[in-house]
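Please look at the structure shown here before reading on. The paragraphs that follow lead from one region to the next.

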Amino acid sequence: MASAGGFAYFVDLGLTLSASSSFSNQRHQLFGRRLSIYSCLDYKNLNVQSPRLSVAPRKKGTREIRLFRSGGIELNRFLTSDNEDEMSQGFFEAIEELERMAREPADVLVEMNDKLSIRELQLVLVYFSQEGRDSWCALEVFDWLRKENRVDKETMELMVSIMCGWVQKLINGEHDVADVVDLLVDMDCVGLKPGFSMVEKVISLYWEMGEKERAIVFVEKALRRGIPYVDDDDKGHKGGPTGYLAWKMMVDGNFKDAVQLVIYFRESGLKPEIYSYLIAMTAVVKELNEFAKALRKLKGFTKTSLIAELDEQNYELIENYQSALIADGVKLSKWVIQEGDSSLYGVVHERLLAMYICAGRGVEAERQLWEMKVVGKEAGKDLYDIVLAICASQKETDAISRLLTGMEVTSYASKKKTLLWLLRGYVKGGHLNDASETIIKMLDLGLCPDYLDRAAVVHGLRKAINNPGNLETYLKLCTLFLN
């Protein structure tokens, strides 16, 4: 029995779009090897060969629908007059009339509307999607079905399957990116609404083929043409072409490229989706974090004399690189605030906080903690302690005082943890006298610093014993520890 559901998974992808169209002046020519799709909703799993549908007379009262697979396998489905689901004579008349192209497809379908079942109309779609057929007629037929409110779920899935094949054929055939964009525009014109982002699928196909430059060109053209995309699916995932492409770059570790991509599109007069700015801010954080890791390794090499000490010019280059990244992050944050709503403010300040922490900028990081509090997004206690340590390493006295406010009313364990972060920040910044005072304060509160923390301070004082005040502090600490 003929079943349109059966055809939804077997759509010929080797086809030629040649007819004139009321939706686009562009004619797509699809060449290259034959492709196939397994599912109309997940067409990346290409493991089923696509058949070819042909309609041919067999004997009186009987017509034969043939599905030819590549490899010489032939599947025959026979519909006789004894079958209640027989293919009507109107189906074959419709095919012949549409192929004649003497009239508009819509006019033919209106005339034969009462003679065609929904399954027969689905088979018309399959027929005209084949190689060598007037494939554009498939779009016109679907558009007519939509206007007549005759597109059910199965028909929609079938047409999405066909369109996925066309898109993949263009991409694998290395056609111009503009052809792919035109096809997506036409898809939107006929009201084809897949339950996934076709734009993201195209980006993925280019990316998996290693055609990353073409993926960038595609997104740029898609933004200029205003192709619609699924920006928020039923699972709450936010999407969009720019953000998706930036995310792809991030997965490959190209964090800075992701940042520059979003900024380039925005400054080129395009309008990337708001969430792409947040993704780019995340890329800034990751790039700063990787850069910080590289700097720590570099300093480790200098300590072991594997490389020479960094000179003033090197430090200037490091500072300029970090500053440029932070400037990009701030720029992106301003765009989110300008174009987004207040629900995003907390996320913006959270990203900025992470940026300043990675860059080791204590005062700026502290400000973001308070900004988050103002917009109702409270940062975790651990983040306050980390920022406190950074401020201590830079001896930012005012910021330290603000961050320690309220510590007295916290628990014993929380109080000890906060003071340890303060102590380690002082040690990292080489402020040994302040570190010693912190140890004394902890002992007065009945909080004993860890052995390694005590040893680090004592060792640092002993190395700089000749500095003013260090001898007295050293002896005082030794006496306290002995007692």
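**A walk through the model**

Leaving aside neighbours within four places in sequence, Val363 is in contact with Cys391 and Glu396. Val363 belongs to helix α15, which covers residues 362–374. Its relative accessible area is 33%, so Val363 is classed as partly exposed, the class between under 20% for buried and over 50% for exposed. Another residue to look for is Ala399: Val363 and Ala399 are 36 residues apart in sequence, yet 6.6 Å apart in space from C-alpha to C-alpha.

How far can the coordinates be trusted? The mean pLDDT of the protein is 79, and 79% of its residues reach 70 or more. Over residues 1–84, however, the pLDDT is below 50, although this stretch has 225 contacts in the model beyond near neighbours in sequence. Residues 233–237 also have a pLDDT below 50, and that stretch has two such contacts. Where pLDDT is low, the predicted coordinates should not be read in detail.

The next region is helix α8, formed by residues 198–208. Is this helix mostly covered or mostly exposed? It is mostly covered, since 10 of its 11 residues are buried. Among the buried residues of α8 are Met198, Val202, Leu205 and Trp207, and the charged residues Glu200 and Lys201 are buried as well. Against which helices do the buried residues of α8 pack? They pack against α6 (153–172), α7 (177–189), α9 (212–225) and α10 (241–251). After α8 comes Gly210, whose phi is positive, near 80 degrees.

Positive phi values also occur in other residues of the chain. Most residues other than glycine have a negative phi. Met101, however, has a positive phi, near 60 degrees, and is placed in the loop between α2 (89–100) and α3 (105–111). Glu174 likewise has a positive phi, near 55 degrees, and lies in the loop between α6 and α7. With a relative accessibility of 56%, Glu174 counts as exposed.

A search of the whole structure finds eight aromatic pairs. In one of them, the rings of Tyr277 and Trp335 have centres 5.5 Å apart and planes at 55 degrees, so the pair is tilted. Tyr277 is part of helix α12 and Trp335 is part of helix α13, so the pair ties together parts that are 58 residues apart in sequence. Both Tyr277 and Trp335 are buried.

Rolling a probe the size of a water molecule over the atoms shows where empty space is left. The largest pocket has a volume of about 870 Å³. It is lined by 27 residues, of which Arg296, Lys299, Ala359, Gly360 and Lys428 are the closest to its centre. Which helix gives the most to this lining? Helix α12 does, with eight residues. At least two lining residues come from each of α12 (274–303), α13 (312–339), α14 (345–358), α16 (381–393) and α18 (412–429). Sorted by class, the lining of the largest pocket has 12 nonpolar, eight polar and seven charged residues.

Methods
Residues are numbered from 1 along each chain as its sequence is written. This is a predicted model: local features need pLDDT of at least 70, side-chain atom pairs count only at pLDDT 80 or more; totals for chains, interfaces and linings use all residues. Side-chain values use heavy atoms; hydrogens and water are left out. Buried means under 20% relative accessible area, exposed over 50%, partly exposed in between (1.4 Å probe, protein chains only). Helices (H or I, at least four residues) and strands (E, at least two) are DSSP runs, numbered from the N terminus. Contact means heavy atoms within 4.5 Å. On a 1 Å grid over the protein atoms alone, a cavity is a set of points where a 1.4 Å probe fits but cannot get out, and a pocket is an open set with protein on both sides within 12 Å along at least five of seven lines; lining residues have an atom within 4 Å of a point. Grid points are joined across faces, edges and corners, and a volume is the space filled by probe spheres set on the points. Rings of Phe, Tyr and Trp (its six-membered ring) pair if their centres lie within 6.5 Å; planes under 30 degrees apart count as stacked, over 60 as edge-to-face and the rest as tilted. pLDDT is the predictor's confidence in each residue, from 0 to 100.
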